[in-house]
4 protein chains.
Amino acid sequence: MSGENIKEFCGVFGIYNHPQAAYVTQLGLFALQHRGEEAAGICTSDGNDLYIYKSMGLVGDALPTERLANLKGHIAIGHTRYSTTGSSKLINAQPYRVDYSRGQVAVAHNGNLVNAQLLRSELEAYGSIFGSTMDSEIFVHLIAKPSYRNCEEAVVESVKRVEGAYSLVILNETQLIGVRDPYGFRPLCFGKLGESYVLASESCAFDLIEAEYIRDVEPGEVIVIDEKGVRSHFPFGESKRRKAQCIFEHVYFSRPDSLVFGDTVGLVREKMGMNLAKEHPANADLVIPVPDSGNFAAMGFSKASGISLGHGFTRNHYIGRTFINPVQEARSFKVKIKINPIRKVVEGKRIVVVDDSIVRGNTAKSRVSLLRRAGAREVHMRISCPPHISPCYYGIDFPSKEELLACNKSMEEIKKFLDVDSLGYLSLEGMLAATSKGPHEFCTACFTGNYPTEIPDGGDKFKLEKKRKR
Amino acid sequence: MSGENIKEFCGVFGIYNHPQAAYVTQLGLFALQHRGEEAAGICTSDGNDLYIYKSMGLVGDALPTERLANLKGHIAIGHTRYSTTGSSKLINAQPYRVDYSRGQVAVAHNGNLVNAQLLRSELEAYGSIFGSTMDSEIFVHLIAKPSYRNCEEAVVESVKRVEGAYSLVILNETQLIGVRDPYGFRPLCFGKLGESYVLASESCAFDLIEAEYIRDVEPGEVIVIDEKGVRSHFPFGESKRRKAQCIFEHVYFSRPDSLVFGDTVGLVREKMGMNLAKEHPANADLVIPVPDSGNFAAMGFSKASGISLGHGFTRNHYIGRTFINPVQEARSFKVKIKINPIRKVVEGKRIVVVDDSIVRGNTAKSRVSLLRRAGAREVHMRISCPPHISPCYYGIDFPSKEELLACNKSMEEIKKFLDVDSLGYLSLEGMLAATSKGPHEFCTACFTGNYPTEIPDGGDKFKLEKKRKR
Amino acid sequence: MSGENIKEFCGVFGIYNHPQAAYVTQLGLFALQHRGEEAAGICTSDGNDLYIYKSMGLVGDALPTERLANLKGHIAIGHTRYSTTGSSKLINAQPYRVDYSRGQVAVAHNGNLVNAQLLRSELEAYGSIFGSTMDSEIFVHLIAKPSYRNCEEAVVESVKRVEGAYSLVILNETQLIGVRDPYGFRPLCFGKLGESYVLASESCAFDLIEAEYIRDVEPGEVIVIDEKGVRSHFPFGESKRRKAQCIFEHVYFSRPDSLVFGDTVGLVREKMGMNLAKEHPANADLVIPVPDSGNFAAMGFSKASGISLGHGFTRNHYIGRTFINPVQEARSFKVKIKINPIRKVVEGKRIVVVDDSIVRGNTAKSRVSLLRRAGAREVHMRISCPPHISPCYYGIDFPSKEELLACNKSMEEIKKFLDVDSLGYLSLEGMLAATSKGPHEFCTACFTGNYPTEIPDGGDKFKLEKKRKR
Amino acid sequence: MSGENIKEFCGVFGIYNHPQAAYVTQLGLFALQHRGEEAAGICTSDGNDLYIYKSMGLVGDALPTERLANLKGHIAIGHTRYSTTGSSKLINAQPYRVDYSRGQVAVAHNGNLVNAQLLRSELEAYGSIFGSTMDSEIFVHLIAKPSYRNCEEAVVESVKRVEGAYSLVILNETQLIGVRDPYGFRPLCFGKLGESYVLASESCAFDLIEAEYIRDVEPGEVIVIDEKGVRSHFPFGESKRRKAQCIFEHVYFSRPDSLVFGDTVGLVREKMGMNLAKEHPANADLVIPVPDSGNFAAMGFSKASGISLGHGFTRNHYIGRTFINPVQEARSFKVKIKINPIRKVVEGKRIVVVDDSIVRGNTAKSRVSLLRRAGAREVHMRISCPPHISPCYYGIDFPSKEELLACNKSMEEIKKFLDVDSLGYLSLEGMLAATSKGPHEFCTACFTGNYPTEIPDGGDKFKLEKKRKR
């Protein structure tokens, strides 16, 4: 699916008690770059004041090292963003920092609230004003309520009001606070680096800074780090805490070297590929991955099927200014500029091409066409997850139902649309069996339509967002 | 005083019912560029939604024409900013736009509130959060209170809560609203351009877009422009409405071609120069202005004294990246890079040098030194306003009392410090007599210490701002 | 004429024996900014190697201080450019530095050669290649001829081959060389700063760095500065050395505070204004300058006529991104954005408006229109030089004959075109009498068509340049 | 070797007879981006004039589409650059365009001349000046010699003077010319796109624009394309034409999907990996590639050895501003920010890590250390080419002998330095046997010290370049 238009969401990072907190945060965000390429920001505290810098672009451009000197202090949080709600403007970059009655607070958020519109209307009814179109601003308004004794209490009480997916890092003058919603939709890890404590969306951020992974922040946990040490609150009763971790983190989003929800992502993907080979074997000469999204699943498919693995596509890794060039009339150009088939590898062969998912299907169709023009005799497509049929309300920006390929076509129609000789999607069971956890620990709503939370407004996601879109 | 560090404040502009509202606003802001060089912004409405763009820098850089296409709609407000309160960051650029219970609203503000800290504390006590450090954000919180029926009523009621100097342009989905505080500290003009109505800090903005000046918005007036036409509210009783217009707009800030408080600024300055010549005649060969700040007063001085006028200084008008160059050890460099005396004009002459004001005195001192090195036989300095002795709480960012030259030195000491042969400041009466209005219509607090409003906290301006400074 | 499209040409600067040569050169170029706003460059030598940096834009942008650290050494030359020949690309920025048989050399040039095409063709016939479209590259090819013993000899011999206007600063590993053509078309000054020697197009560059003006480099002089001291060569016999200094430097180009060809520019302009008043008196109430180009002449006119001087126009000094704004339909917009008449000053008055020159006339016409709309009763235009009727081959980029107002219209037609009540141009004699030098020391070709040198190709300047234009 | 400091050299592209020649060239250069990331340029001809634009940076930044509109015409050449000689400044970007006696010509060059200094000295002795420090400028001087009848003859004669490696694309007003040196060191392909002809360093550029590969330009061939059609010259006698194609193009430089010297690069690499497994088997659990440089060889090693393949490293593909961050004290940081081992994949395993080459060895050493810290039980390193022991004079910028790991250490010492359990380099024979061509068709000088041409100055490459380094 590399190349398709699923917007990745966000990565968060936090560190407590490091003399170069802003610099470590910049590195942590670099490791989380794949979770958001649109904007990045860091907010620090020196014990008295908060300092912030955020900007549009990739971490290396948005947060150049020379700008970090002003971000004083030993506590920091950071954010890389791909908008899920809120249009992509600087005003919507995070962390979101404000002044309020008890001082200053900054929040960085990964996820998406399902009752955002409701809460916002309620807050506005009491006179609140909103400077951004982000869900995340709602947390700050809730925390700022004057009735709480301090920020810690405010956080613990506030999260009870919100419904949906949220992994948060929160900074005030003296504390770093991590929060994960009671379903645990989005990952959040807790670690240690010498005398410092760290929080990050994925463990790959710990590897880069050579921090040690301790454990996941638990679903429904509020973890508070300050000079008294580390302590946890569990604002939600047992009944509300049931795991519904996003299986799509394993399928697509997280980095393969990250430990997510207790499993190494790359190995889960390899297992998915193995299960896929068992469910949908193919009579073929060569298994090739769509680089890099299908790399692990293709390896698993090859191992389980015994069909040898090949590099049938070359990927051009240069990113930069997007090309808009009048010569690119052909629809397939956007695909070709990223991957090119190797004729001598695929010519005359029966090819199994493995990828992690199909959303709209245009990219997949173009790739099949490239393989055929390069001489492939047969093209068998294998996808390491089930067909997408439902929108996600928890932070993934899938296209609308109208645009989802599997929503509107039978399996036979999809096969014809893609122009493949055979097509196989991994089953729900096969996908869930690839992790070491029980199937009930995961949210599979985008494949099944079974949402772990109530969805207001009858599930019309787009109606909810309309008012805020600008 | 050109070259000294008085921070100019802000310029505001608004237009109702123009098919190219954003473009006209850009031009209006360009004419108001002298009122704020740090940042600029425009917010428009198409009747349903508000669109905003703001950025750091001069209007031509901050608001390039190609960015205006997205600013849809026929109503617009704009702002050029020089921070008075609120540090100079993009987060403090204006207009300030928010969502709230009744929809959207944007505010652009010229002035400074004296009860900002009080209001802010009160709002925070009820749970309000502040995303900027600007006074102007307070207006938005007040307007957003849910108890009002509509934005118009909200504005009329809100301004009763604030104390201090404010000329505002306010935009909601369907209305352009102008407000001037009951003292009328800052100017605000009302005009017409074909079928459109316009508001601007100074009439020079009307000249550029070829709009017709109709009248000043009156002190204490709220002027509302919408599809029903133009109507005014006067929220304040007669007792509260007493003119205290900033005389320093005439002395220094406003453009000479503007009609401000009913008089043409350049002609007021020329009259000040004439009065100055009468009060402080000089036995000299040549009158020279400090370009361009002393141009009009010098001409008046020359006319009244009969001493011929000369161009003794050449001014280098190139602005751009500030030079920080290790060769510039000499203290006088910052002065020299802007103005250079013409030796053949001043050599051997007894010179009267006329400027509009002296604040710290370093710049004036350097200029005297330049003239002496260029061979001037005598240097007589004449200043077209009285000595500055008190801080301004209404939007002008004078230095602290410690730094104000006249606060700490006798007239004899100042003369010695500047190394001039004679020194004359225009008297309060002489200054006020230069306008066509009565002396009681002006605020002269910076010269007299008599403030038209109460000053909280015993007048310690800097204590007030400390909390907010970051 | 401020605002009209005469392209200014170039400024050159050089310094020998200064520990911060590049930094001093940056300042010198800043003082010469008015001679070229398109590009700037500096080349230095540390005794062994040459270091260069050049870039597009104003000095402050093109040569930021942080880029100067790499420009090592104690000798430097610099250049600000407005293209006369050679289109405005970085490839045509100067200094022009090359490697050749004897080492390295860099040249910066102000002026224009009349036999450039001839020399270029001849050099190409021997196999020379040209990387730029600048005249200045020809000097380097001539200097590089292997037959000379050293760079000094090469310069002395090379200049004998070129015809036209050139003031040069040349840098090799160990020497700074200044050259002025035998007619002295363009200025070049020689000065001293402590133990350093300096060269500059105008003395205002010396004022800024506090160097002492010693004398002009003489027409036909090659001045060589190295560790042995300062020495001069005069490659041309007496017969070839006859002064033909550009009178238009006094009228328009040079800064008023500069000493050019032995006179202070501002005072020459004032004298021109006085002569103008005598030749073309006016029955009027007020003399107003076009700011800033007419400032000195207007003052002279006022003094000689006894008609009082006024500031009728306000000038907006903000430069920056050029505005291209769809609202600016009106032709007069480009004029209005720079100057605005003050209604109260001009209303009902008979106005004498004084400017330095008229080229195409559109700008002048727009200004008259502005004055009339502001209520001027009569407008009498006075110009402090004669009408332009011929192209300049010596470095000034006037428009073609077809576009020159005075080339194609009788005095009566011009008056009608400009819509003025009366019109007066200063006579040739009146203009020349404003300097302290004899009239035979100046080139007046643009007013008379009498060229001091032969013009190849029958004077078709545009044919000459066609081949090179790209 | 991805991550090591071998500077890649250059890519060239040319197209004849395409209405959007500049746009197609931009795309072609994007496909050749891996051959040079420092600068890029395009020069076009419309039959009469040449138009050029070049700039620093990656193709997408250096040649944005909006700049291409000025590059008129139907013929174009382009260049992506990584400096081999000539420091990395804009002045050294290519194509190099000049005017000379017969008109205009532009050259883009991939390779390195061995007699550059000699030719340059000779040209300078005749008065030539050099504006850049590039070898490529020499071609232009030679072509510009006035004795030839036309550009075509000039190219045919000029190449006889130069010694070394060069694949050239040359553009004049009406012709596109391709040249490959008689040894064929660097690749150059010829193809067709509809009615247009194309030249490119590698065939992957043809794939992107959907052109058809026809054949390689032959060693010693000058191919001329103009309105008369396509014709070839062979300036060199049979004796001088002997193939010495760079085997390192197959090992490292070229893209795996390119057809280079008649073989598909990726498949040659896979074969190298297979031969490597036969020569240096390992008793291990898992083969892992260094991504992406070792991908194909590792696959070949896995196939030949039967040891299963795994993704042991994750690569972070985000490029951008280089990080210089004070926290990165650890030497291994530069390695870690690019690749991260997956603990669960390597833990407890005996690992064969396969890469294409080792130059200095620091990067390889760091990777071994990463694997050990991630729990690898044994690390067996396999390299798909022989040890590098000699400098390249033909366009590859290896470090000096002092820095080459294999030059200074025995195999045992290298093993110890890298801290590996075993180490195997592919033999010369094994490497050459991986192509379908005879071993005598390749240059292997960097592995053997046997240079196909004479090397002036006793082979001291660095002495040669010293004079020119700035």
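User: How many residues does the contact take from chain A and from chain D, and what makes a pair of residues count as a contact?

Analyst: Welcome! In this predicted model, the contact draws on 45 residues from chain A and 45 residues from chain D. Two residues count because their C-beta atoms, placed from the backbone, lie within 7 Å.

User: Which elements of chain A supply at least two residues each to the side that touches chain D?

Analyst: They are helix 1 (21-31), helix 2 (59-62), helix 6 (204-209), helix 8 (265-279), helix 9 (295-305) and helix 11 (343-346) of chain A. With five residues, helix 1 of chain A gives the largest share of that side.

User: What classes of residue make up the side of chain A that touches chain D?

Analyst: That side has 22 nonpolar, 15 polar and eight charged residues.

User: Why is the relation between chain A and chain D called a two-fold axis?

Analyst: Chain A is superposed on chain D by a rotation of 180° with 0.1 Å of shift along its axis, at an RMSD of 0.1 Å. That is the relation of a two-fold axis, which is why the name is used.

User: How do you know that the same surface serves both copies?

Analyst: Of the contact residues of chain A, 100% recur in chain D, and the same surface serves both copies.

User: What about chain C and chain B: how many residues of each are in contact?

Analyst: Here 45 residues of chain C are in contact with 45 residues of chain B. Helix 1 of chain C brings five residues, the largest share of the side of chain C that touches chain B. By class, the residues of that side of chain C are 22 nonpolar, 15 polar and eight charged.

User: What makes strand 12 and strand 13 of chain D a pair?

Analyst: Pairing needs at least two bridges found by DSSP. Strand 12 (residues 222-226) and strand 13 of chain D have five bridges, in the antiparallel sense, so they count as a pair. For I223(D), the bridge partner in strand 13 of chain D is S232(D).

How values were computed:
Residues are numbered from 1 along each chain as its sequence is written. Chains are lettered from A and ligands numbered from 1 in the order in which they are written. This is a predicted model: local features need pLDDT of at least 70, side-chain atom pairs count only at pLDDT 80 or more; totals for chains, interfaces and linings use all residues. Helices (H or I, at least four residues) and strands (E, at least two) are DSSP runs, numbered from the N terminus. Ala, Val, Leu, Ile, Met, Phe, Trp, Tyr, Cys and Pro count as nonpolar, Asp, Glu, Lys and Arg as charged, and the others, Gly among them, as polar. Copies are superposed by least squares on the C-alpha atoms of residues with pLDDT of at least 70 in both.
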